[in-house]
Every structure is written in structure tokens, then in C-alpha cells.
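Reader: I am new to this structure. Please take me through the terms, one by one.

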Amino acid sequence: MDEILKVEKLKKYYATPRGLLHAVDNVDFSVERGKTMGFVGESGCGKSTLGSTIIGLEVPTGGKIIYDGRDITFPTKKELKELRKELQMIFQDPFSSIDPRMSISDIIAEPLIIHRMYRSRQERTKKVEELMDIVGIARRYAYSYPHELDGGRRQRVGIARALAVNPKFIVCDEPVSALDVSIQAQVLNLLQDLQRDHQLTYLFITHDLSVVRHISDDICVMYLGQIVEKCSAAELYLHTLHPYTKALLSAIPIPDITIKKKRILMKGELSSPIEPKDQCRFAARCPYANEECYSSCPKLMDVGNGHMVACHKVHSLEDNL
Amino acid sequence: MVEKNIQNNETVLEVDDLVVHYNTEEGVAEAVNGMSFTLHKGETLGLVGETGAGKTSVALAIMGLLPVPPSQIIRGSIKLNGEELVGKKNKEMRSIRGDKIGMIFQDPMTSLNPVMSVGDQIAEVIRLHENISKGEASVKAGKMLEKVGIAADRYKEYPHQFSGGMKQRVVIAIALACNPNILIADEPTTALDVTIQAQVLELINDLKKDYGTSVILITHDLGVVAETCDRCAVVYAGEIVESGSLEDIFLHAQHPYTKGLFGSIPRLDVIVERLHPIKGLMSDPMTLPEYCSFYDRCDHACEECKQGEPACMEVSPGHIVRCRLAHPEAMKPESWEKGQA
Ligand SMILES: Nc1ncnc2c1ncn2[C@@H]1O[C@H](COP(=O)(O)OP(=O)(O)O)[C@@H](O)[C@H]1O
Ligand SMILES: Nc1ncnc2c1ncn2[C@@H]1O[C@H](COP(=O)(O)OP(=O)(O)O)[C@@H](O)[C@H]1O
Ligand code: SF4
Ligand SMILES: [Mg+2]
Ligand SMILES: [Mg+2]
């Protein structure tokens with residue numbers, strides 16, 4: 001397997017008034033070059049923290065991040081700048097950290113200036129126009145401002161900006177979550193086309209199971225800072241094993257009136273992983289929990305064909321299938 | 001499954017040819033353009049459509065909560081149990097709200113007071129509509145909390161002490177405290193996680209059964225419609241472009257926009273290599289054409305479609321489509337037959 005990214009025992013803890021919050025806790029996975037690894041889970045499960053830690057926006061509390069054979073866990077400032085040309089990020093709100101007085105063309109050109117690429121103004125303008133063509137924004141918007149654009153076009157600008165430096169790996173954090181379905185479909189198709197044309201690898205973060213299933217090759221399901229299930233996208237839906245994944249899938253309303261499915265209503269709500277005990281973090285909401293589940297935290301284990309599950313009772317659950 | 005969910009055909013709400021405009025500095029936004037629909041007793045009607053389609057404007061018009069200015073009801077009628085609401089005074093509408101119609105917004109804080117305990121907020125609403133003592137209202141409010149799945153001992157807590165899902169439950173408790181005939185829920189679960197959404201939808205369904213409330217559920221999620229509604233109206237650019245039973249919409253959709261919506265959504269259970277998005281962007285309510293508003297985005301658009309507004313066609317009993325090509329005798333382009341699979 002040609003691994004572009006390998007993450008080992010990654011941890012990111014935050015100090016809070018109520019104790020240490022384990023936002024990302026001992027996360028292990030690797031991503032194959034040119035593929036899409038999806039991360040899915042409910043809000044607060046640590047998806048964004050994971051994404052920003054990987055691309056160096058947050059300093060990890062522990063663990064290892066290996067990118068293309070290089071250890072990038074604690075990069076120097078200079079290394080970080082170099083890495084930025086390879087690893088990029090697309091956010092739900094592409095302009096949250098951008099000066100609203102910059103024009104679209106300036107926004108897309110900024111990374112080119114920072115990285116001293118295409119030094120002459122002419123070359124830069126040409127590259128910006130090329131990027132606008134690639135992501136499908138008419139060139140007449142070059143001198144518009146972010147607030148003048150609709151959600152779909154704004155996201156396309158965010159994608160163009162990320163693509164400007166010719167990255168190899170893009171962390172997409174909820175890139176289509178704020179978009180209406182008809183626009184969301186356009187942007188998802190665009191991301192797929194770009195991946196094919198530019199051999200991109202994606203780490204795709206979303207709370208939407210239908211979207212993640214559509215776009216990913218492999219999927220990790222997260223719960224309170226940990227991966228609870230990991231396997232191929234098809235396998236996740238055909239042979240769902242973890243009780244949380246099952247409940248999550250059953251909660252999704254299917255736009256088909258010929259399917260009547262049984263809903264597993266989960267008790268309670270998502271808590272936050274502050275000073276978590278050594279037990280299954282899902283135990284309090286799990287319909288199958290027994291003593292064992294409260295006595296130690298289950299490890300992510302291979303149950304065959306690379307399907308990984310973190311649940312003490314996975315074998316007895318498997319038998320139930 | 002035919003029509004079994006509709007206990008009887010008693011109409012509780014009738015919206016007829018409603019037109020709502022917003023007069024702004026940039027121009028006139030034609031938000032609602034001649035919408036008509038009826039709500040029967042005990043049923044759930046889904047209003048589905050994308051951002052800017054005019055769904056919230058209709059809801060606010062029914063509630064008498066449209067901001068004036070900039071908005072203006074240009075024409076049309078809204079009848080609640082036969083009584084005309086358009087033109088009613090603010091004071092009259094205030095007593096109708098909560099008493100006869102309750103509303104749940106996407107953001108629960110729209111309806112909550114941050115500096116009053118959740119229990120007192122429910123009790124206050126009850127006292128506005130029932131002539132009972134403070135003590136009695138408190139007891140009732142506590143029961144209402146339990147009903148929406150919140151322990152009554154949290155009565156004295158404030159909204160900020162609750163999660164998004166719990167706040168939405170409090171809002172539901174407030175909306176239902178006076179036992180309204182109609183509940184309008186405007187994207188009530190859009191801001192919530194799926195597992196919490198499932199709980200809240202289940203709650204609305206249970207309460208609907210217990211109280212016989214009629215519900216208008218506004219959503220952009222066809223999945224939510226499939227699981228909670230009895231009938232459905234698809235809204236585009238301030239018009240209902242297609243309406244009917246769930247079978248009509250989910251199995252026999254005719255309007256190109258409805259079909260486009262289905263092609264746009266990724267599915268858990270059906271695997272497609274590529275989605276089939278609707279091309280272009282939502283129509284701008286400031287520059288709507290004289291002909292079909294969906295023309296620019298439609299895969300089947302032909303010269304015929306530019307000949308004025310399309311009329312509503314009843315393609316089968318109760319299934320209404322606003323598209324020229326839905327007419328049995330219309331000259332249909334080849335693409336139409338292909339999309340008919
Ligand atoms: N800077 C921070 N300080 C303290 N806690 C944080 C910080 N950022 C995130 N968290 C907490 O970490 C957890 C994971 O958050 P996040 O990664 O944003 O989740 P997601 O993206 O899955 O919604 C949450 O409980 C959140 O409150
Ligand atoms: N307060 C307002 N001022 C000006 N225009 C408005 C206002 N509210 C809504 N509109 C216009 O009405 C249209 C429909 O809005 P709305 O009813 O909120 O749609 P939906 O709820 O379907 O997203 C919007 O596209 C916008 O142009
Ligand atoms: S380990 Fe126990 S509590 Fe945790 S998911 Fe498995 S069965 Fe449920
Ligand atoms: Mg996030
Ligand atoms: Mg709305």
C-alpha cells in the first residue's frame with residue numbers, strides 16, 4: 001500500500017476549567033495516496049481538531065504524524081511553510097479568517113504570493129484565472145468581494161485558494177455542509193473531478209453519513225475523540241458492527257417511502273470527553289453495555305478483512321447478524 | 001398506504017394565492033408568488049425546498065409575524081378554520097398565536113428568554129391562555145417538561161444550561177403548552193445532530209398523535225419528509241411547483257425540479273458514481289422571469305416553456321404539477337421521456 005499519511009496514537013488534549021478534555025485520543029489510521037478517507041461523527045467528536053492537528057494548525061499533545069515518509073508531528077516554522085505547499089485545508093466557511101475587503105482574485109492569489117510562486121503579476125493573474133476556470137467560477141467575479149457571492153461560489157473560491165499551491169493532500173472540513181442539496185451535489189462532483197485530474201488525496205470530514213459514504217473509499221467513525229469503527233465505505237453500510245455506528249445509521253431519514261426501517265433511538269446525548277474514565281465512552285448510551293464495558297476502554301481491533309471495531313462485545317454482536 | 005393517514009378531510013388551514021414581497025433598497029424581492037395549499041385536521045404537511053424558496057415567509061405570514069416593513073402581503077388569503085387572518089390587527093393575531101397556532105423556529109433562542117427559567121417560560125405561556133393560578137400553571141409547566149423528555153427538576157434552569165436538542169424540546173413544550181390546533185415547525189431539526197434529530201422528530205410525532213395537532217413541517221430534507229409527513233409540497237422561487245401524497249412525490253415525481261432534488265442527494269442505500277446536480281443557482285427573487293422560474297436550470301426547458309407562467313396541472317387526483325410539460329398533450333422534448341424512468 002502506498003501510504004501518503006500515517007497517524008499513530010495521535011492525541012490532542014485541551015485544558016478546561018473542568019479538567020483535561022481529550023478532543024482526540026489515541027487515534028491511529030493511515031491514508032493511501034489518491035484515495036479519500038472519510039471521518040464522520042456528531043458535533044464535538046473531535047473531527048475538526050483532528051484535521052487541524054494533522055495539517056499543523058494545532059500542536060499535538062502526543063503521538064506521531066508521518067507524511068510521505070517524513071515525521072511532521074512537531075514541524076519547525078520553516079518546515080510548516082514548506083508543508084503548506086503539500087497539505088491544504090478547505091473549511092465549511094472558506095472566508096472566516098480572510099479579510100473581507102480582499103477581492104476574489106486577491107484571495108486566490110494570496111497563497112501564491114506567500115509562497116513566492118508565479119512571481120510576475122502577469123503570471124499570477126494567469127494562474128488565478130486558470131484556477132477560477134478549474135473550479136467553475138466565471139472570471140467576471142475576479143473583482144467581486146466575498147459577501148457578494150452565494151454559498152456555492154464562496155466554497156469554490158475556497159477550493160481554488162487551496163489548489164493554488166498545487167497541494168497533494170487536502171483536509172476537507174465539512175466543505176458542503178452549509179450548502180443546499182443542489183449546490184452541494186455540484187461541489188461534491190467538482191471535488192471528485194479535481195481528485196482524479198490532480199491525483200489528490202482527501203481527508204474528508206463531515207457529520208453527514210450519506211455524503212461521507214458517497215465520497216469516501218474508507219471511513220472512520222468517531223465518538224468522543226476516538227475511532228470506534230474503520231473499514232471500507234461499502235463495508236460500513238453492509239456490515240455495520242459498532243453499536244454507535246448502527247444507531248447513527250438508523251437515525252438517518254431515508255428519502256424513500258418504500259423502505260421502512262427500524263430506528264434505534266439512542267438514550268441521552270453526547271457528553272464531552274473531559275477526564276474520561278477507563279471504560280467504553282459509548283457505554284452509557286449503548287443498548288448492549290455490560291460490566292466489561294464499564295471496566296476498560298475497548299481497543300480498535302481487526303475483526304477480519306481490515307474491518308476495525310472498538311467494542312468489547314463485537315463478537316457476540318457479529319453473531320446476531 | 002393510500003391516504004390512510006388522513007383521518008378526515010376537515011380543513012383547518014387554507015392558504016390561497018398568497019403573494020408576499022419584500023421592498024428593499026436594492027429592489028423588490030418576490031418571496032412568495034401565489035402559493036395555495038390546505039392543511040387537514042391531524043395531518044402533517046411537508047413544505048420542502050432550498051434556501052430562499054420562501055418557506056419561512058409563508059410561515060411568518062400565517063403567524064402574522066412578517067416584518068412590516070420591508071415585507072408586504074400583496075394579495076391572497078389565509079383562512080384558519082374558515083376565519084380570514086390576512087388584515088387582522090396585531091392584537092388579534094397575538095391571541096391566535098399560541099392559542100390556535102404554535103411555531104417552532106430553527107434557532108430555539110428565537111423563542112426563548114435567556115434570563116428566565118425554562119419552567120417559568122412555559123408557565124407564563126400557559127397563564128396567558130388559561131385563567132389559572134401561578135401555582136397551577138407551574139405544575140402544568142412541570143408536566144409539560146416531562147412530556148418533552150426533560151426531568152421536571154430542571155424547571156428552574158436557564159436556557160444556556162441546556163444543549164441545542166434540549167432547548168428545542170423546551171420550545172416544543174412552549175408551543176404545545178396551550179394545545180394549539182396547528183403547529184408550524186420551521187426547520188426544527190436542521191441545527192441538530194442526526195441522533196438528536198431522530199429524538200425530536202419522534203417527539204413531534206408522538207405529541208401530534210396525543211393532541212391531534214395538524215403540523216406544517218418546513219424542511220430542506222426529503223428524508224425527513226419521507227419519515228414524518230402525510231403530504232408534501234415542493235417549493236421553488238416562491239411557488240409550489242409540485243404537491244401531492246408521499247407516493248406522488250417519492251414514486252411519481254413529475255416536476256423537473258423535484259426530480260432534480262432527488263438526483264442531487266447522496267444516498268446511503270443507493271450507490272452512484274456521480275451525483276446529478278441541478279445546474280445553475282437558485283433563482284433570484286428580485287429578477288424572476290415572466291415565464292417558468294425554473295427555466296434557466298431545467299434540463300427539459302423548451303420554447304413552449306417561455307410562453308408565460310405554467311399553469312397547475314392535476315396529473316392524478318390530488319397530485320398537482322406546475323410545469324407545461326406535465327400536461328398530457330404537451331409536446332415533450334426527448335430528454336423528458338428519458339428522465340421518466
Ligand atoms: N480550543 C479549544 N479549547 C477547548 N476545547 C476545545 C477547543 N477546540 C475544540 N474543543 C473541544 O474539543 C472537542 C472536539 O471539538 P471539534 O474537534 O470541534 O469537534 P467536531 O469538529 O467533531 O465537531 C469538543 O468537545 C470541543 O468543545
Ligand atoms: N427580512 C427580509 N428582507 C428582505 N428580503 C427578505 C427578507 N426575508 C426574506 N427575504 C427574501 O425572501 C426570499 C425568501 O426567503 P425565506 O422565506 O426566508 O426563504 P426560505 O425560508 O425558503 O429559505 C429570500 O430569498 C429573500 O430574498
Ligand atoms: S464496548 Fe460495550 S458499551 Fe461499548 S459499544 Fe461495545 S457493547 Fe456498547
Ligand atoms: Mg467540526
Ligand atoms: Mg427559512
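Reader: Where does B:Pro70 lie?

Author: B:Pro70 is in the loop between α1 and β4 of chain B. Helices (H or I, at least four residues) and strands (E, at least two) are DSSP runs, numbered from the N terminus. A cis peptide bond joins B:Pro69 and B:Pro70, with omega about 10°. The bond from B:Val68 to B:Pro69 is also cis, its omega near -20°.

Reader: What kind of model is this, and how are residues and chains labelled?

Author: This is a predicted model: local features need pLDDT of at least 70, side-chain atom pairs count only at pLDDT 80 or more, and totals for chains, interfaces and linings use all residues. Residues are numbered from 1 along each chain as its sequence is written, chains are lettered from A and ligands numbered from 1 in the order in which they are written, and side-chain values use heavy atoms, with hydrogens and water left out.

Reader: Why is B:Asn81 called partly exposed?

Author: Its relative accessibility is 43%, so B:Asn81 counts as partly exposed. B:Asn81 sits in the loop between β4 and β5 of chain B. Its phi is positive, about 45°, although B:Asn81 is not a glycine.

Reader: And why does A:Glu275 count as partly exposed?

Author: A:Glu275 has 46% relative accessibility, and therefore counts as partly exposed. Its phi is positive too, about 40°, and A:Glu275 is not a glycine.

Reader: How do you know that the span of α3 of chain B is close to the expected one?

Author: The expected span is 1.5 Å times one less than the number of residues. Helix α3(B) has 12 residues, with 16 Å expected. From first C-alpha to last, α3(B) reaches 18 Å, close to that value.

Reader: What makes β6 and β11 of chain A edge strands?

Author: Two strands pair if DSSP finds at least two bridges between them. The open sheet has 8 strands, in the order β6-β7-β8-β3-β9-β10-β12-β11 (chain A), with mixed pairing. Strands β6 and β11 each pair on one side only. By contrast, take a pair: β9 and β10 of chain A run antiparallel over 6 bridges.

Definitions and conventions:
Buried means under 20% relative accessible area, exposed over 50%, partly exposed in between (1.4 Å probe, protein chains only).
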